[in-house]
Amino acid sequence: MPDLRLVLVGPPGVGKGTQAALMVERYGLTHLATGDMFRDEAARGTDLGLTVKNYMDRGELVPDEVTIHMMRSRLAGKSSFLFDGFPRTVAQAEALDAMLADLGLSLEKAISLEVDDEVVVERLGGRLVCPIDGSTYHRKFGPPQAEGRCDRCGAELIVRKDDNPETIRERLRVFRESTRPVLDYYESQGKVARVPSAGSPDEVFAAIIEALGA
Ligand code: AMP
């Protein structure tokens with residue numbers, strides 16, 4: 001499979017995690033999801049985890065230097081990536097270009113998953129996650145087979161602490177303010193593929209494949 005470097009951009013709740021899992025399976029990419037990394041650090045109580053936890057609980061962005069430093073350490077030795085939830089600011093996008101250039105690499109495309117705010121609020125409002133393997137479910141749109149239990153590992157599902165109405169609103173505000181400009185940045189490089197994402201996961205995935213011309 002040829003090397004591929006992709007960025008997945010979209011508001012919270014648009015289905016980045018779901019699509020990332022499908023893309024990783026199909027294209028054999030290394031999945032680099034900053035949100036998952038931060039949650040893992042916080043759960044393990046590391047210094048980094050303690051630093052980022054308050055930002056995450058409030059729905060704010062972790063400072064750029066912390067995020068970029070962590071990402072730099074995860075790139076070494078690989079050449080096919082899916083960046084998920086990163087970059088979220090123009091400074092991060094510039095840093096990513098520089099990090100890839102140091103490795104003699106560049107991004108192919110930024111995939112923008114697009115939906116209206118109401119869809120996001122509805123999706124996040126019912127989201128359930130497995131604290132062990134990261135699988136996500138939805139009370140209404142994709143419930144687990146046994147209520148409240150992960151289909152894959154049987155663990156008790158939880159509601160993410162930042163999936164409450166107030167924090168969801170803040171995360172949407174942060175997306176509009178800080179992350180939309182990231183799309184303008186990639187647009188100026190002619191790299192944005194816009195994918196309408198209100199449909200089912202399979203429909204959205206088919207649209208991504210089409211947008212990638214693969
Ligand atoms: P996510 O799982 O992608 O929704 O991310 C959850 C939280 O992690 C965000 O609300 C931020 O607090 C933090 N986070 C994740 N990725 C980034 C990033 N690239 N820059 C800054 N903060 C981030």
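Two strands count as paired if DSSP finds at least two bridges between them. Strands themselves (E, at least two residues) and helices (H or I, at least four) are DSSP runs, numbered from the N terminus. This is a predicted model, where local features need pLDDT of at least 70, side-chain atom pairs count only at pLDDT 80 or more, and totals for chains, interfaces and linings use all residues. Residues are numbered from 1 along each chain as its sequence is written, and side-chain values use heavy atoms, with hydrogens and water left out.

Start with L6, which sits opposite K109 in β4. Strand β1 (residues 5–9) runs parallel to β4 (residues 109–114), and four bridges join the pair. Now zoom out: five strands make an open, parallel sheet, ordered β2-β3-β1-β4-β7. At the edges you'll find β2 (30–33) and β7 (192–196), each with pairing on one side only. From one strand to the next, the twist averages 20°.

Next, look at helix α7 (residues 165–187), which lies across β1, β4 and β7 and runs at about 125° to β7. Angles here go from 0 to 180 degrees between N-to-C directions, with axes fitted to C-alpha atoms, for helices over the stretch in contact. Contact means heavy atoms within 4.5 Å.

How do α2 and α4 pack? Helix α2 (residues 34–44) meets helix α4 (residues 64–75) at about 100°, with the axes 11 Å apart. That makes α2 roughly perpendicular to α4, a label that covers 65 to 115 degrees. On the α2 side, T34, M37, F38 and E41 make the contact, and on the α4 side T67, M70, M71 and R74 do.

Technical notes:
Angles under 35 degrees count as roughly parallel, over 145 as roughly antiparallel, 65 to 115 as roughly perpendicular and the rest as oblique.
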